Amino acid sequence: MLVDLDYFFAQAEELKNPSLTDKPVVVCVYSGRSEDSGAVSTANYLARKFGVKSGMPIFLAKRKLENAGAVFLPVDSEYYESVSGNVMTTLRDYADRFEQVGIDEAYLDVTAKTCGNFADAKVLALKVKNHLKTEQRLSCSIGIGPNKIVAKIAADIQKPDGLTIVEPNQVGKFLSPLPVARLPGVGAKTKERMQTLGISTIGDLAKSDVQKLMAVFGKTLGTFFHNASLGVDEEPVQEKEEVESISRIATLKQDTRDLNIILELMYRLCKDVYSAIAQDELFFKTVSIVGIMKDLKIHTRSRTLGDPMSDYEILRGTVRDLVERFLDETDQELRRVGVKVSNLTKEEKGQKQLTSFVERE
Ligand code: TTP
Ligand code: MG
């Protein structure tokens, strides 16, 4: 079962302020360069009726919604994380095994709970929907299938507040008329390449020779597309490991290579990264910076420290050092900058060793 919250960021905003519910709501990532520069993160279904979509420039969304009484809001990530956390806690209880895959999406393996019976799975899905609706006032769409890929495609087919069930013997009939872009991993470019091979539906893909697909897309992707088109997916529902890295990225007010201006923004990013790791009581061992240049080329520089650290000054100092060195190596102006910590652990390994050493003495 794949559960995906409907128009999540915008729905969360409606939850915060119910008077928004009958208005077009657009949640935006403002780049800060000028008043309306940036992109749409998501929009409620009322705004989508006007053609507003995720990723669209804000000025375009404003144009489409002129005189529609629309509300434009900046993303409030911390709040969405907390709403998401509550939802995930609720969902987890309905699953034998649980895997969160995004801020508003999770796979639930319910095979044992339903004895593999799809009618029971439907009852369970209705319970989940009702639970989220009554206790958290949130709507979601659910797809049920014999595996993850079919469940995912099923969940996307009917939105908002959808429930789509695809039993094993219906998989072929369900998938074959759908456009290939419905398959996870098929973006605009892949879709175009498939089009040139005469493949426009998943059914066309299923009929294509797997050797030919491998020749065009490489062995791994070719095999994946072949299996996916047949609704074959052996991936288990699996709890994800701890977060592997935490990063923040932002756009400079103007392209520059002025150390102070760059550091001012990077220190702000350091603060955000630091508060995230402090909240989760994490220690970092690797610090990286990313620079997106005027010509949009991306460069990263990293340093791995001797021991896991949780010290803000060390983060800040390492970032400063990496930026200074990087500016020495390039003569281009920077457009966007980012800070990342990785190699994250829950304990300060050095300290632990020291403690056990003292105890043995
Ligand atoms: P989605 O589940 O893809 O979208 P959604 O929940 O807004 O809408 P739907 O009803 O179709 O499920 O993404 C979840 C959240 O992730 C979304 O609310 C905002 C964020 N997001 C972006 O910031 N940018 C994007 O391009 C997309 C697709 C999502
Ligand atoms: Mg969603």
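1. Basis of the note. The model is predicted, and local features need pLDDT of at least 70, side-chain atom pairs count only at pLDDT 80 or more, while totals for chains, interfaces and linings use all residues. Residues are numbered from 1 along each chain as its sequence is written, chains are lettered from A and ligands numbered from 1 in the order in which they are written, and side-chain values use heavy atoms, with hydrogens and water left out.

2. The open sheet. Elements are DSSP runs numbered from the N terminus, helices being H or I of at least four residues and strands E of at least two, and two strands pair if DSSP finds at least two bridges between them. On that basis 5 strands form an open sheet of mixed pairing, in the order β5-β6-β1-β7-β8. Its edge strands, β5 (97-102) and β8, each pair on one side only, and the twist from one strand to the next averages 15°. Within this sheet β1 and β6 run antiparallel and are joined by 3 bridges, with Leu2 opposite Tyr107 in β6.

3. The partners of β12. Strand β12 (residues 334-342) pairs in the antiparallel sense with strand β9 (residues 245-256) over 8 bridges, and Arg248 stands opposite Val339 in β12. Strand β10 (residues 284-293) also pairs with β12 in the antiparallel sense over 8 bridges, and here the bridge partner of Thr286 is Ser342 in β12.

4. A helix pair. Helix α10 (residues 210-217) and helix α11 (residues 219-229) pack at an angle of about 135° with their axes 7 Å apart, where axes are lines fitted to C-alpha atoms, for helices over the stretch in contact, and angles run from 0 to 180 degrees between N-to-C directions. The two helices α10 and α11 are therefore oblique to each other (under 35 degrees counts as roughly parallel, over 145 as roughly antiparallel, 65 to 115 as roughly perpendicular and the rest as oblique).

5. Backbone points to check. Lys159 and Pro160 are joined by a cis peptide bond with omega of about -10°, and Pro160 has its place in the loop between α6 and β8 (163-165). Tyr7, although not a glycine, has a positive phi of about 25°, and this residue is found in the loop between β1 (2-5) and α1 (8-16).

6. The second largest pocket. On a 1 Å grid over the protein atoms alone, a pocket is an open set of points with protein on both sides within 12 Å along at least five of seven lines, a cavity is a set where a 1.4 Å probe fits but cannot get out, and lining residues have an atom within 4 Å of a point. Grid points are joined across faces, edges and corners, and a volume is the space filled by probe spheres set on the points. The second largest pocket holds about 340 Å³ of space; of its 22 lining residues, Asp109, Thr111, Gly145, Pro146 and Asn147 are the closest to its centre. Two or more lining residues come from each of β6 (105-109), α5 (118-136) and α6 (148-157), and β6 gives the most, with 3 residues.

7. The cavity. A search of the whole structure finds 1 cavity of 30 Å³ or more, and the largest cavity has a volume of about 30 Å³. Among the residues that line the largest cavity are Ile262, Ile289, Phe326 and Val337, and the elements that give two or more residues are α12 (259-279), β10, α13 (312-329) and β12. Strand β10 gives the most to this lining, with 3 residues.
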